[in-house]
Amino acid sequence: MKQMQHWLRIVSILPILLLTACAMGPDFIRPQVETAEKFRLSEMEAESIANLQWWELLQDETLQQLIRQALQENKDLKRAIASVEEFEARSHMALMDFAPNMDITGNAPAFGTLGGFLRPGFATPFNYFGQTTLNWELDIWGRIRRSNEAARAELMAREENRRAIILTLISAVAQSYFDLLQFDIQLEIAHRALASWEESVAISKAQLQGGIISRLDLDQFEAERANAASRVAELERRMVQKENELSVLLGRNPISIARGRLLTEQAIPPEVPAGLPSELLERRPDILQAEQALAAATARIGVAQAARFPKLSITGFLGIASPALSNLLLSGSEFGVGGLGLAGPLLNAQSLGFEQRAAEAQAKQALAQYEQTILIAFKEVEDALVAIRTVNEQIKAQQQQVKALRSALHVADLRYLGGITSYVDVLLAKRTLFDAEFSLSATRRLHLVSIVQLYNALGGGWAPEYSNGHEANKVELH
């Protein structure tokens with residue numbers, strides 16, 4: 001018993017010694033990345049728009065309700081949450097490698113024995129016995145510590161992946177909703193155009209019978225009516241397909257999607273400052289995910305390197321055994337042994353060397369992916385900034401165009417009624433006006449989508465808690 005207490009005192013000191021030992025392999029250090037003082041197309045250094053909450057930017061209450069439903073029911077997000085839970089469990093599993101591994105076994109020859117060695121105090125299949133086995137690897141080279149570093153980094157990468165899916169999900173819901181609002185306006189324009197062309201066809205048929213116009217003029221009007229009818233059918237198809245797409249994002253079977261404010265009534269921030277470029281490295285989940293993947297790959301180099309060295313373990317077993325159950329707890333039935341075990345690679349040493357080289361190559365891949373992710377992030381921000389800047393001017397120009405074309409159509413109608421010109425001028429004015437109105441609605445939608453894309457590209461503000469004091473969403477982003 002005194003010997004066992006001596007071993008326990010030695011074992012209690014070992015964790016302190018192991019924690020102060022150095023782990024093999026490189027320590028992870030975030031790579032240095034050069035960032036500009038400001039974004040290329042940013043005109044102001046004000047606080048970033050990404051610091052807003054999503055409900056402060058997207059103020060359509062119907063859209064807010066759709067986003068909350070998506071956060072609760074979207075299947076990709078549920079899968080990402082389950083993935084985080086999986087890697088959290090794996091991280092705990094890796095942490096348990098620091099603890100001793102103990103197993104217990106027992107035996108009771110209940111059906112009798114035939115021959116065999118019946119030595120008291122020693123476990124054999126012919127004895128009654130209970131036995132506890134101990135195996136505790138001493139993490140001298142840091143293999144277990146590096147393995148835990150990798151497991152924690154992989155867990156954080158999955159957490160950032162979950163945040164990235166939240167970003168993508170809310171952005172996708174908003175963009176699909178704006179698509180539907182665009183289709184609503186364009187369908188109204190198409191129906192108006194179809195009614196106008198049907199009226200023109202009716203007038204032209206009467207004029208053809210009176211010999212005022214030729215058959216060619218009537219054919220042109222009927223072609224325009226057919227084109228308007230085709231556009232109505234196309235928009236109705238695209239609208240239903242977009243509703244089906246949005247339903248999937250909401251985690252539901254295809255349904256009709258409610259609308260709130262019109263496309264022209266959506267709130268647009270007067271200013272959209274992008275903040276500082278360096279903030280992307282701390283905010284965007286895809287960059288943080290790539291960083292954690294690099295950290296995990298770096299830690300696995302240490303795991304592979306430590307695997308090439310011998311493993312030192314504390315081993316032993318303790319138990320009681322007796323050929324008779326009645327003597328099992330008597331003095332003299334105890335047995336046990338404790339000691340150190342050493343195991344190292346021999347014939348597979350070269351294979352472990354290649355394993356280390358493979359881990360180093362994986363770390364290089366992770367570094368390249370991290371750098372590529374940063375480049376893409378800056379590109380997406382700049383793309384969104386230039387879209388917002390140019391789309392404002394585009395909307396102003398198209399509004400002037402529509403105003404001028406409406407005036408031109410009015411003048412063409414007056415000239416036609418006065419007999420100054422043919423109805424072909426009215427036809428051209430109508431066609432040009434309807435096309436311009438279509439383009440204006442598409443540009444209005446592009447303006448809203450560009451703001452959402454910038455918000456998404458900056459990687460901020462998508463905290464999914466309910467606003468106005470409502471109960472917090474179960475999906476936490478922080």
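Modeller: One definition comes ahead of the details: helices here are DSSP runs of H or I with at least four residues, numbered from the N terminus. Please also keep in mind that this is a predicted model.

Biologist: Good. With that definition, where does Val452 sit?

Modeller: Val452 belongs to helix α10, which covers residues 423–458.

Biologist: Is Val452 buried or exposed?

Modeller: Val452 counts as buried, because its relative accessibility is 1% and the cut-off for buried is under 20%.

Biologist: How far apart are Val452 and Ile170 in space?

Modeller: Their C-alpha atoms are 9.3 Å apart, although 282 residues separate Val452 and Ile170 in sequence.

Biologist: Let us change topic to α8. How do α5 and α8 pack?

Modeller: Helix α5 spans residues 143–209, and its axis lies 8 Å from that of α8, at an angle of about 165°. The two helices are therefore roughly antiparallel, since angles over 145 degrees fall in that class.

Biologist: What is the handedness of the crossing, and which kinds of residue form the contact?

Modeller: The crossing of α5 past α8 is left-handed. The residues of that contact comprise 14 nonpolar, 5 polar and 7 charged.

Biologist: And what about α8 against α9?

Modeller: Helix α9 covers residues 349–417; α8 and α9 pack at about 170°, with their axes 8 Å apart. This pair is therefore also roughly antiparallel.

Biologist: Which residues meet there?

Modeller: On the α8 side they include Ile287, Leu294, Thr298 and Ile301, and on the α9 side they include Ala363, Leu367, Tyr370 and Ile374. The contact of α8 with α9 divides into 14 nonpolar, 5 polar and 5 charged residues.

Biologist: Thr298 interests me. What does Thr298 touch?

Modeller: Leaving aside residues up to four places away in sequence, Thr298 touches Pro26, Asp27, Phe28 and Ala363. Thr298 lies in α8, which runs over residues 285–306. Thr298 counts as buried because its relative accessibility is 10%.

Biologist: One last topic: which residues does the "coiled-coil region" annotation cover?

Modeller: According to the unreviewed UniProt entry, the annotation covers residues 60–87, 218–252 and 381–408.

Biologist: How much helix is there over residues 60–87 and over residues 381–408?

Modeller: Residues 60–87 are 93% helix and 0% strand, with the end C-alpha atoms 37 Å apart. Residues 381–408 are 100% helix and 0% strand, and there the end C-alpha atoms lie 40 Å apart.

Definitions and conventions. Residues are numbered from 1 along each chain as its sequence is written. This is a predicted model: local features need pLDDT of at least 70, side-chain atom pairs count only at pLDDT 80 or more; totals for chains, interfaces and linings use all residues. Side-chain values use heavy atoms; hydrogens and water are left out. Buried means under 20% relative accessible area, exposed over 50%, partly exposed in between (1.4 Å probe, protein chains only). Contact means heavy atoms within 4.5 Å. Axes are lines fitted to C-alpha atoms, for helices over the stretch in contact, and angles run from 0 to 180 degrees between N-to-C directions. Angles under 35 degrees count as roughly parallel, over 145 as roughly antiparallel, 65 to 115 as roughly perpendicular and the rest as oblique. A crossing is left-handed if the near helix is turned anticlockwise from the far one by less than a right angle, and right-handed if clockwise. Ala, Val, Leu, Ile, Met, Phe, Trp, Tyr, Cys and Pro count as nonpolar, Asp, Glu, Lys and Arg as charged, and the others, Gly among them, as polar. UniProt positions are given in the numbering used here, feature names are shortened, and annotations may be inferred rather than shown by experiment.
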